[in-house]
Amino acid sequence: MSWSSSDSKIAWVTTKGLVTGIRVGSATITASVEGFQATCELTVNRKSIPATDITIDRPSVEMYKNEIEWLAATVVPEGSTDEIVWSSSAPQIVEVSDQGKLVALGRGSATITATAGGVSEECQVNVYSPVTAISLNARELTVDKGSTFVMVATLEPEDATDKTVTWTSLDNDILSVNSNGVVSALKGGVTKIVAKAEDKVAECVVTVLAPVESVTINKPSLTLEKGRSEILYATVGPEDATDKTVFWSSSNPSVVSVNDYGKITAESVGTAIISAKAAGIAAECQVTVVLP
């Protein structure tokens with residue numbers, strides 16, 4: 001009986017049929033005797049070297065939604081024949097390819113595992129969805145002094161990771177605002193409420209109307225010679241009253257006339273009441289005109 005190999009560089013066979021694998025590949029071993037043959041298809045594989053340990057280059061990864069990252073795994077021993085297999089605990093959040101490519105698909109966390117034979121290593125991946133825009137329920141408001149109202153901020157996208165909104169008043173004497181967006185109108189005037197989420201900002205211009213509470217004239221009464229003039233001054237309170245417009249009038253203009261600025265003129269002998277009115281609240285001064 002004779003023995004032969006179709007490729008002695010892959011598999012070598014002795015005259016007694018002892019086969020030795022030389023290198024990885026396939027060869028046909030043939031046995032011949034008196035004109036009869038039998039064959040055996042032989043495959044030579046690499047010697048199996050199991051993995052004893054595996055490490056990933058990073059224990060954790062922070063990613064933004066739609067971002068791409070790469071992980072690398074190292075197997076011990078260096079010549080291990082075990083292939084690295086990647087997997088994700090939440091593919092809908094983080095997808096991983098056979099080469100360790102990470103694709104962040106949604107907000108949340110996923111555990112990425114690299115396995116080689118009987119050993120494995122994990123990497124924690126957190127996907128962050130940043131705020132792209134912020135808007136308020138109003139861009140301009142007019143409110144009364146002493147009132148309280150709530151500002152509402154809307155963030156985009158809806159699945160933003162950090163939805164913390166920081167509220168600020170540009171003038172705390174006019175408006176105060178707490179961490180929940182509750183605004184108190186403290187004083188008449190105009191200022192802004194600012195809402196900030198990450199690096200995105202939205203503003204609302206607020207006008208606070210303060211009503212007139214009092215009107216006083218610098219002189220409650222006076223005597224004026226005919227033909228003489230004098231200026232009366234009206235003070236409107238409080239100091240932050242929104243509309244301090246004063247309207248002057250005389251009960252008897254033929255005796256005492258008054259212009260729009262509080263200047264009175266004694267026209268003839270007699271008595272007249274000069275009124276200063278602001279927002280429906282009035283003060284009076286009695287003027288008596290005498291002959292010089």
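Student: Where is Ala 279 found?
Tutor: Ala 279 sits in the loop between β31 (270-278) and β32 (281-290). A strand here is a DSSP run of E with at least two residues, numbered from the N terminus. This is a predicted model, where local features need pLDDT of at least 70, side-chain atom pairs count only at pLDDT 80 or more, and totals for chains, interfaces and linings use all residues. Residues are numbered from 1 along each chain as its sequence is written, and side-chain values use heavy atoms, with hydrogens and water left out.

Student: Why is Ala 279 called exposed?
Tutor: Check the cut-offs: buried means under 20% relative accessible area, exposed means over 50%, and partly exposed is in between (1.4 Å probe, protein chains only). Ala 279 has 61%, so it counts as exposed. Ala 279 also has a positive phi of about 55°, although it is not a glycine.

Student: And what makes Glu 198 partly exposed?
Tutor: Its relative accessible area is 29%, so Glu 198 falls in the in-between class. You'll find Glu 198 in the loop between β22 (189-197) and β23 (200-209). Glu 198 is not a glycine either, yet has a positive phi of about 55°.

Student: How do you know which class Phe 36 belongs to?
Tutor: Phe 36 has a relative accessible area of 61%, so it is exposed. Its place is in strand β5 (residues 36-44).

Student: Which residues form a nonpolar patch on the surface?
Tutor: Met 1, Trp 3, Val 33 and Phe 36, with about 440 Å² of accessible area together. Areas come from the Shrake-Rupley method with a 1.4 Å probe; for residues, only the protein chains shown count as cover. Patch members have over 30% relative accessible area and no salt bridge, with nonpolar side chains (Val, Leu, Ile, Met, Phe, Trp, Tyr) joined within 5 Å and like charges within 9 Å. A salt bridge is a side-chain nitrogen of Lys or Arg within 4 Å of a carboxyl oxygen of Asp or Glu.

Student: How do you know that β7 and β14 pair?
Tutor: Two strands pair if DSSP finds at least two bridges between them. β7 and β14 (residues 119-128) have five, in the parallel sense, so they meet that rule. Glu 62 stands opposite Asn 126 in β14.

Student: What makes β7 and β10 edge strands?
Tutor: The open sheet runs β7-β14-β13-β10, with mixed pairing. β7 (60-64) and β10 (84-88) each have a single partner strand, so one side of each is left without a neighbour in the sheet.

Key. Helices (H or I, at least four residues) and strands (E, at least two) are DSSP runs, numbered from the N terminus.
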